[in-house]
Amino acid sequence: MYIPKHFSQDDIPALQALMDANSFAILITQHDGSPFASHLPFLLEKERGTYGTLVAHVARANPQWRDFSDGQEALVIFQGPHTYVSPSWYDAVLSVPTWNYAAVHAYGKPRILEDVAECRAMLKTLIEKHEMQYEKPWSIEQLTDEYVRGMMRGTVAFEIEITRLEGKFKLSQNRPVGDRARVVEQLEQQGDELSMGVSTLMREHSLHGQS
């Protein structure tokens, strides 16, 4: 990923926080000599390895998992909040529009998980993560073991120990502090989810930096 110095983010907890909050990501590998992508929900186990370990599953009918055994490196792209930034928010008249965003690229070699109990535990954790927001969370325990085993036969679980992380937080760090403050103000006035997400990241990572 092209990362100008202004926008480089190498703080592991910050990168992991973005990955955890935006866990529906894109898995990219090479399949038959061409790029192949799957959109998947990932679990991040932060303490496993230097940068953490990603766990997910694909449909068995998806041919991508057949490439995991050849030892090739995979890329998982996590996209954080992003939004348009108008040049009318800057002091300088000679300015152009841009886009503020945050993204993390995680690299590693996928390993297929064969243990049935391990795969079921992964699915249980994934479900619980997304069900916890509801008043009455649904649980995989409501299903029979036979049904769960049958559904699991149609999937392939895998993990990726992250060996390399790239982070790009493009949050107006190349602009004067006054411009950054006005961008935050304008984004918060817009009030939509993406604008608020970017303004929050700007307050955390760029608003009070050097101009």
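1. Start with Ser 172: at 3% relative accessibility it counts as buried, where buried means under 20% relative accessible area, exposed over 50% and partly exposed in between, with a 1.4 Å probe and protein chains only. Ser 172 sits in the loop between S9 and H4. Its phi is near 65 degrees, a positive value in a residue other than glycine. Most residues other than glycine have a negative phi.

2. A quick word on the model: it is predicted, with local features needing pLDDT of at least 70 and side-chain atom pairs counting only at pLDDT 80 or more, while totals for chains, interfaces and linings use all residues. Residues are numbered from 1 along each chain as its sequence is written, and side-chain values use heavy atoms, leaving out hydrogens and water.

3. What does the side chain of Asn 100 make a polar contact with? The partner is the side chain of Ser 172, at 2.9 Å. (A polar contact is a pair of N or O atoms within 3.5 Å; within protein, one must be able to donate a hydrogen and the other to accept it, and residues adjacent in sequence count only if both atoms are side-chain atoms.) Asn 100 belongs to strand S6, residues 98–108, and is buried at 1% relative accessibility. Beyond its neighbours within four places in sequence, Asn 100 has contacts (heavy atoms within 4.5 Å) that include Pro 81, His 82, Lys 170, Val 183, Val 198 and Met 202.

4. Asp 32 also has a positive phi, about 55 degrees, without being a glycine. You'll find Asp 32 in the loop between strand S1 (24–31) and strand S2 (34–41). Buried or exposed? At 70% relative accessibility, Asp 32 counts as exposed.

5. Now look at helix H1 (residues 12–21), where Ala 14, Leu 15, Gln 16, Leu 18 and Met 19 are buried. Helices (H or I, at least four residues) and strands (E, at least two) are DSSP runs, numbered from the N terminus. The buried residues of H1 pack against several elements, among them strand S5 (74–85), S6 and helix H5 (193–205). Asp 11 caps the N-terminal end of H1, with a side-chain oxygen 3.0 Å from the backbone nitrogen of Ala 14.

6. Finally, the axes of helix H4 (residues 177–190) and H5 come within 8 Å and cross at roughly 150 degrees. Axes are lines fitted to C-alpha atoms, for helices over the stretch in contact, and angles run from 0 to 180 degrees between N-to-C directions. That makes H4 roughly antiparallel to H5, a label for angles over 145 degrees. The contact includes Val 183 and Leu 187 of H4 and Val 198 and Met 202 of H5.

Terms used:
Parallel < 35°, antiparallel > 145°, perpendicular 65-115°, else oblique.
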